[in-house]
Amino acid sequence: MDDTLLKQARQLNLRNGGSNCPIPPIILLTDDQRLPDPALAINSLPTDSMVIFRQYDHPHRAKIGAKLRSLCRAKAIPFLVANDISLALKLDADGIHLPEYHILTTPYFYHQIPSTLLVTSACHSLVTIRRLGIVPKQYRPDGVLISPIFPTHSHPGKNPLSLNTVLAMAELCKRSGMAPIGLGGINKENVGNLRSSSLASLAGIGFSGAITSPVR
């Protein structure tokens, strides 16, 4: 992956996450359309990375997940399953990633997740982070993916968050004991704009260099 992105992610993680941050500097999100070969992407990741397995509608989701879980285990990279606690447990995943609607409509779901699992949550507004902040501390997610930071090819035409909003969301996450993670259109040209933020990690689809599209 690009050295500029990796260096910035590691600096943010050390400064804002600290030595005991549960979330590594780099997070790869799998994607049916933009990352046709997630295995290649995972093999290209540095060891201080994490993978969130999505492939929501793939007919062989469990089979692909098992393969990618094995690859991550061999590299000692945490592997999270998106929005499927049953599959996460079946694959002996390291954690689960939840879409934003859970905290807005079913906040009690966080209480039902086994304490041994790493938990991340999607977040697109300050309102959502405030909701997460009132969840009892022991049930809050370990990390929150704040997006979209910049314009992204995954959601063409959607306006990104303003920089001031991103900074405020990241700081509120950090104060609430949740690692703030930046997602959406991050690349080597714009990552410097996040240098002064409270973000602890950077996430995307194209970080591994396995696709030619801009990083999400």
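Guide: Let's start with strand β1, residues 26-29: I26 and L28 point one way, I27 and L29 point the other way, and all are buried. Strands here are DSSP runs of E with at least two residues, helices are runs of H or I with at least four, and both are numbered from the N terminus. Buried means under 20% relative accessible area, exposed means over 50%, and partly exposed is in between, with a 1.4 Å probe and protein chains only. In a regular strand the side chains alternate between the two faces of the sheet.

Visitor: Where do these numbers come from?

Guide: This is a predicted model, in which local features need pLDDT of at least 70 and side-chain atom pairs count only at pLDDT 80 or more, while totals for chains, interfaces and linings use all residues. Residues are numbered from 1 along each chain as its sequence is written, and side-chain values use heavy atoms, with hydrogens and water left out.

Visitor: What makes β1 and β2 a pair?

Guide: Two strands pair if DSSP finds at least two bridges between them. There are 4 bridges joining β1 to β2, so by that rule they pair, and they run parallel.

Visitor: Why are the rings of F53 and F79 called stacked?

Guide: A search of the whole structure finds 1 aromatic pair. Rings of Phe, Tyr and Trp (its six-membered ring) pair if their centres lie within 6.5 Å; planes under 30 degrees apart count as stacked, over 60 as edge-to-face, and the rest as tilted. The centres of F53 and F79 are 5.8 Å apart and their planes are at 25°, so this pair is stacked. The pair links distant parts of the chain, with F53 in strand β2 (residues 49-53) and F79 in strand β3 (residues 79-82), 26 residues apart.

Visitor: Are those two buried or exposed?

Guide: F53 has a relative accessible area of 0%, so it is buried. F79 is buried too, with 0%.

Visitor: Which residues of α7 are buried?

Guide: V166, M169, A170, L172 and C173 are the buried residues of α7. They cover an arc of only 165° around the axis, which puts them on the same side of α7. On the other side, N164 and R175 are exposed. The buried residues of α7 pack against β5 (118-123), α6 (126-133), β6 (143-146) and β7 (179-183).

Visitor: Why is S198 called buried?

Guide: S198 has a relative accessible area of 10%, under the 20% limit, so it counts as buried. This residue lies in the loop between β7 and β8 (201-204). Leaving out residues up to four places away in sequence, S198 touches N16, A170, E171, K174 and P180.

Visitor: And why is Q112 called exposed?

Guide: Q112 comes out at 53%, over the 50% limit, so it is exposed. Q112 is found in the loop between α5 (101-105) and β5. T116, in the loop between α5 and β5, is exposed as well, at 70%.

Visitor: What is the mean pLDDT of the protein chain?

Guide: pLDDT is the predictor's confidence in each residue, from 0 to 100. The mean for the protein chain is 92, and 95% of its residues reach 70 or more. Over residues 211-216, though, pLDDT stays under 50. Where pLDDT is low, the predicted coordinates should not be read in detail.

Conventions
The arc is that of the directions from the helix axis to the C-beta atoms. Contact means heavy atoms within 4.5 Å.
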